[in-house]
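Student: I have a model open and want to learn how to read it. Where do we start?

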Amino acid sequence: KTVLPTVAEGSGKGEIDAHQRLAAANKLLAEKTQGLANAKKRGDELTIEEKHALTEAQQDAAEAQKVLAALSAQTEGAKPVEAVESSPEAKTVPPAVMGGSGRSEIDAYERLVNANKLLAEKTQGLADAKKRGEELTTEEKHALTEAQQGAAEAQKAVAALAKQAEGTKQTQPVQISPEAKAVPAAEGKAVPATAQEEREKSEMEEGLKQARLALRDASAALEEQHAKVAKATTQQQSAEKVEFEKHRLTQFQERATTLHKIMDTFALAVKRRETSVDSPGKESQRSQEAKKKADALQDKAEESAMHWLAARRKAHKMKDAVRVAKGL
């Protein structure tokens, strides 16, 4: 289990910020879960972007808890408030998450919505107490723990129902519009790009730009985390602290690797959309089949890359909204 730092133990700005981050993450998670529950009631499916945003919110909330766990290890004599981690099944939206329409499933999502709202409320109270330098009462601490456990149990219930629904109604793949499909060309002649293709190319170029920026930031964070691991090891910090920093290092490495792949996908996507000469008559059947397979794999990679780009744009919009709200 992850542990949150004792309420009001210490008054560092970093710890206050961490509590504020957790409160904001839980509030966003409650909002996204409400959207999912509303869709279940209507019998609708979330869009790909909405599913991705929900997954991001779940992962952000879990990450915020881990950051607080690290801070608790640095607080001497702190009596931690236990927090229940989200189950692995609940951290991502299952493919069949919108499958089925049973009353029990709708009730499970409603329960998860209410649990996440309560958790967001209690976490905000904890963050506010940290800012004031005060402690929660024993009753408030108990209520926070109850809210954490309630949210975890509700997530597990939804995950169990999602497993039962798997295979009954899978998410339909995104279909490429007729306008977006390549127009076969006469042998040896270039095909003029359509307006749709130009828009797609522009999107892919923007994706490539954003992937490069994200990779730059991820590489810097990875280098910084390497230093943290070295510091924790050489200074003979607690085994828990060293293990935490190593785990974070692995996460940063995986993120950098993923961003490398996304960047490569966008780069190839841009190249594919360049006006080119098509000479199908000069290709053997084997070459054509190999090309079809490669194109199919690239199509899937591009779809995933576009999900990433959509989530990045939403995150930027949210950050801008927070800055405006704070008057920055």
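Tutor: With burial. Buried means under 20% relative accessible area, exposed over 50%, and partly exposed in between (1.4 Å probe, protein chains only). V158 has a relative accessible area of 9%, so V158 is buried. This is a predicted model: local features need pLDDT of at least 70, side-chain atom pairs count only at pLDDT 80 or more, and totals for chains, interfaces and linings use all residues. Residues are numbered from 1 along each chain as its sequence is written, and side-chain values use heavy atoms, with hydrogens and water left out.

Student: Where is V158 found?

Tutor: Helices (H or I, at least four residues) and strands (E, at least two) are DSSP runs, numbered from the N terminus. V158 lies in helix α4 (residues 138-165).

Student: Which residues does V158 touch?

Tutor: Contact means heavy atoms within 4.5 Å. Leaving aside residues up to four places away in sequence, V158 touches A108, Y109 and L112.

Student: What share of the chain counts as buried?

Tutor: The figure is 38% of the 328 residues.

Student: How do the axes of α5 and α6 cross?

Tutor: Axes are lines fitted to C-alpha atoms, for helices over the stretch in contact; angles run from 0 to 180 degrees between N-to-C directions. Angles under 35 degrees count as roughly parallel, over 145 as roughly antiparallel, 65 to 115 as roughly perpendicular and the rest as oblique. The axes of α5 (residues 195-234) and α6 (residues 239-272) come within 8 Å and cross at roughly 160°. α5 and α6 are therefore roughly antiparallel to each other.
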